[in-house]
Amino acid sequence: MTGPAPGAPADGALDHVVINVLRRMDEAEDLFAALGFRLTPRGHHSLGSINHLMMTAGPYLELVGVPETGPQRQDVLDSPFGLNGLVVASRDADATHARLAALGLAAGPPVAFSRPVTVDGREEAARFRTVRVPAHLFPAGRLYHCEHLTPDLVWRPEWLDHPNGFSGIDALTIESTTPEADAALYAAVCGAPAEGADTGWTIRLGDSRIAIVPGPDARFAALALRFRDLDALETRAGALPGASWVRHGPHAATLTLPAFDLRLPCRATS
């Protein structure tokens, strides 16, 4: 793929979704690479975490964990395993903090951090500022806003073309014991309205959405992904003993990865 890299998503859109793999990053990296995702080189955050990204032209998927030795990021260690991070795009972390404070949500002040990135043979620093809301209000998983100060070091054209055709994030499904109240809270934090339906509530974040549905516990239950087609992914998933693949027709399937407690509905766009 050639051409200029896309920029960060618009303010209030979905920025990325996080899968917490704790100290099993090598295993997670091997699994997602075998499934045909193009992973960015391993990143080392100044806060004491490590990551790999699976980029699209819009929101991306992040594997986050902690290194075996050295500083280890406590909020990652304390977070649920598997799907655990919903990240909303911010173009101005200070303005986002002020908006949340006006809602009485007592968000923490913006936190700045970075990680080295090697681009065209030179080392640069990808820099971010995040605003986090009180964790006890969102027991299903972490929710925060992210301002990209160097989006050109994240949305690189060489990282956008995946062998399995991965092209986007459709929806994050959140199970809740109090879905109506939680929908109102998520909507306020995300700055987007919640739309009610028979099956639950939907909040649209750009071209992606959050679905909040009734459930026995509060948890991030599923992440729906888009692909150009499903054939390459089906072939790769069928060859992996740790993956379950169920086809629902020519354009839909569900990929389950029990080792990381993941259910990934998959949709073909062509």
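In this predicted model, Ala 211 is placed in strand S12, which covers residues 208-214. The relative accessibility of Ala 211 is 15%, and because residues under 20% are classed as buried, Ala 211 counts as buried. When residues up to four places away in sequence are set aside, Ala 211 touches Leu 172, Thr 173, Ile 174 and Trp 201.

Thr 150 belongs to the loop between strand S8 and strand S9, the latter formed by residues 166-176, and with a relative accessible area of 10% Thr 150 is buried. Apart from its neighbours within four places in sequence, Thr 150 is in contact with Ala 125, Ala 126 and Arg 127.

Along its principal axes, the C-alpha trace spans about 50 × 50 × 40 Å. Buried residues make up 50% of the 270 residues. Of the contacts in the protein chain with a separation of 6 or more, 66% are between residues 24 or more positions apart. The accessible surface comes to about 11,500 Å², and carbon and sulfur atoms account for 53% of that surface. The protein chain also carries 23 positive and 31 negative side chains, and the centres of these two sets lie 2 Å apart.

In helix H1, which consists of residues 25-34, the buried residues are Met 25, Ala 28, Leu 31 and Phe 32. Seen down the axis of H1, these buried residues fall within an arc of 130°, so they line one face of the helix. An α-helix has 3.6 residues a turn, so residues three or four places apart point the same way. The cover over the buried residues of H1 includes strands S1 (14-22), S3 (50-54), S4 (60-65), S15 (252-257) and S16 (262-268). H1 is followed by Gly 36, which has a positive phi near 100°.

In helix H3, formed by residues 93-102, Ala 93, Thr 96 and Leu 100 are buried. Viewed down the axis of H3, the buried residues lie within an arc of 60°, and therefore they line one face of the helix. The elements against which the buried residues of H3 pack are strand S7 (122-132), strand S8 (142-148) and helix H4 (179-190).

Positive phi values also occur in residues other than glycine, as is seen at Leu 22, where phi is near 50°, and at Asp 120, where phi is near 55°. Leu 22 is found in strand S1, and its relative accessibility of 24% means that Leu 22 counts as partly exposed. Asp 120, by contrast, lies in the loop between strand S6 (111-119) and strand S7, and with a relative accessible area of 65% Asp 120 is exposed.

How values were computed. Residues numbered from 1 in each chain as written. Predicted model: local features only at pLDDT ≥ 70, side-chain atom pairs only at ≥ 80, totals over all residues. Heavy atoms only, no water. Buried < 20%, exposed > 50% of the residue type's maximum accessible area, 1.4 Å probe, protein only. Contact = heavy atoms within 4.5 Å. Areas by Shrake-Rupley, 256 points an atom, 1.4 Å probe, with all protein chains shown as cover. Lys, Arg positive; Asp, Glu negative; His and termini not counted. Charge placed at Lys NZ, Arg CZ, Asp CG, Glu CD. Helix = DSSP H or I, 4+ residues; strand = E, 2+ residues; numbered from the N terminus. Arc of directions from axis to C-beta.
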